[in-house]
Amino acid sequence: MSLSTDEVRVLAERWYRNPVAFCREALTEWFPTEMPWVHWGILAILTRKTEFLLECPRLDKVLSNFVAEDVSGRRWPMFVRDKAGKIGLRMRQNVLVMLPRGFSKTTLTNAVSIYNIVFQEHPVSLFVSEAAAHAGRQMSNVTGQLLGNPALVAVFGEMRPEQRAGRKWSESDGEINTLTGMAVFARGRGGQVRGLNSDGRRPSWVVVDDVEDKESVATEAQRLKTREWFYGDLLPCLPALDKSATITVLGTLRNAGALLAYLARDLTWTTVKFGALDLEG
């Protein structure tokens, strides 16, 4: 694919402004059909951008269904439109989104990981899943697009450094470093994340996707092990002085004693829950 300088600029500006346009136009194989309204809202949470929601054909559904709640029973809309028409995002530093299976959570997080890399949004980011092998496969999906997607290469250029450049690029080891200075790590549940950094920089964007499986919630001992790792190792991996650094957890509740149930009761987190039906039934 050959693009002029002006075409590259126009595409990059549109894709940066609207993550949905980025997904639909740059990642067409992953998003071949119209983006559902719930995905618009999830993309806004993952990217911390809201103005593109004004282009959502079902903005009313986003505004009415993305409702946060806490253990006290207090509820509030996550997206609020002010008198000037702008949309604000009301949530704490870290967010839990509980969804049924089959909502394309992993595809969306992979897309935002690519978005962050090409637009250099987070110098260091971390993807966490239930197992290291699964996390590595998702990293391979990301690098496959970075290296083989003609639209991405035409607009953003080559991302993989030459071997002699000294920058690590290994999906199997769960680490890549791009020519533009972005570092991405992938880890499984219980993996080494304490003190994780690249050139002294800690992850400022962490996404946790279905970190628990059937086996890990089978006994209280296993559930406790996951909670201790999450609170003792994963949460502290964020840079303490960077208030824009964030962890977003997406997953399906598997057990009343699972990690997601604890996070939903944690008043320092913003929690939004989705069932098979929206609030209008």
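## Reading a salt bridge and a buried strand

Mentor: Start with one contact. The side chains of Arg-9 and Glu-13 meet in a salt bridge, 3.6 Å from N to O. Keep in mind that this is a predicted model.

Trainee: What makes a contact a salt bridge?

Mentor: A side-chain nitrogen of Lys or Arg must lie within 4 Å of a carboxyl oxygen of Asp or Glu. Arg-9 and Glu-13 are such a pair, at 3.6 Å.

Trainee: How many residues apart are Arg-9 and Glu-13 in helix 1?

Mentor: Four. Helix 1 covers residues 5–17, and that spacing separates Arg-9 and Glu-13 by about one helical turn.

Trainee: Which residue forms a salt bridge with Arg-17?

Mentor: Glu-55 does, with the closest N and O atoms 2.3 Å apart. Arg-17 lies in helix 1, while Glu-55 lies in the loop between helix 3 (37–47) and helix 4 (59–65). The pair therefore ties together parts that are 38 residues apart in sequence. Arg-17 is partly exposed at 43%, and Glu-55 is partly exposed at 41%.

Trainee: Which residues are linked in a network of salt bridges?

Mentor: Glu-69, Arg-75 and Lys-273 are linked in this way. Within it, the side chains of Arg-75 and Glu-69 meet at 3.1 Å, N to O. Arg-75 is partly exposed, with 46% relative accessibility.

Trainee: How many salt bridges does the structure hold?

Mentor: It holds 14. Now turn to a strand.

Trainee: How many residues of strand 5 are buried?

Mentor: Five of the five, residues 94–98. Strand 5 is therefore largely enclosed by the rest of the structure.

Trainee: Which way do the residues of strand 5 point?

Mentor: Check each side in turn. Asn-94, Leu-96 and Met-98 point one way. Val-95 and Val-97 point the other way. Residues on both sides are buried.

Trainee: Which strands are joined to strand 5 by bridges?

Mentor: One is strand 12 (residues 269–273), joined to strand 5 by five bridges. Another is strand 11 (residues 246–251), joined by four bridges. Strand 5 runs parallel to strand 12 and parallel to strand 11.

Trainee: Which residues stand opposite Val-97 and Leu-96?

Mentor: Val-97 stands opposite Val-272 in strand 12. Leu-96 stands opposite Val-249 in strand 11. Find these pairs in the structure above.

How values were computed: Residues are numbered from 1 along each chain as its sequence is written. This is a predicted model: local features need pLDDT of at least 70, side-chain atom pairs count only at pLDDT 80 or more; totals for chains, interfaces and linings use all residues. Side-chain values use heavy atoms; hydrogens and water are left out. Buried means under 20% relative accessible area, exposed over 50%, partly exposed in between (1.4 Å probe, protein chains only). Helices (H or I, at least four residues) and strands (E, at least two) are DSSP runs, numbered from the N terminus. Two strands pair if DSSP finds at least two bridges between them.
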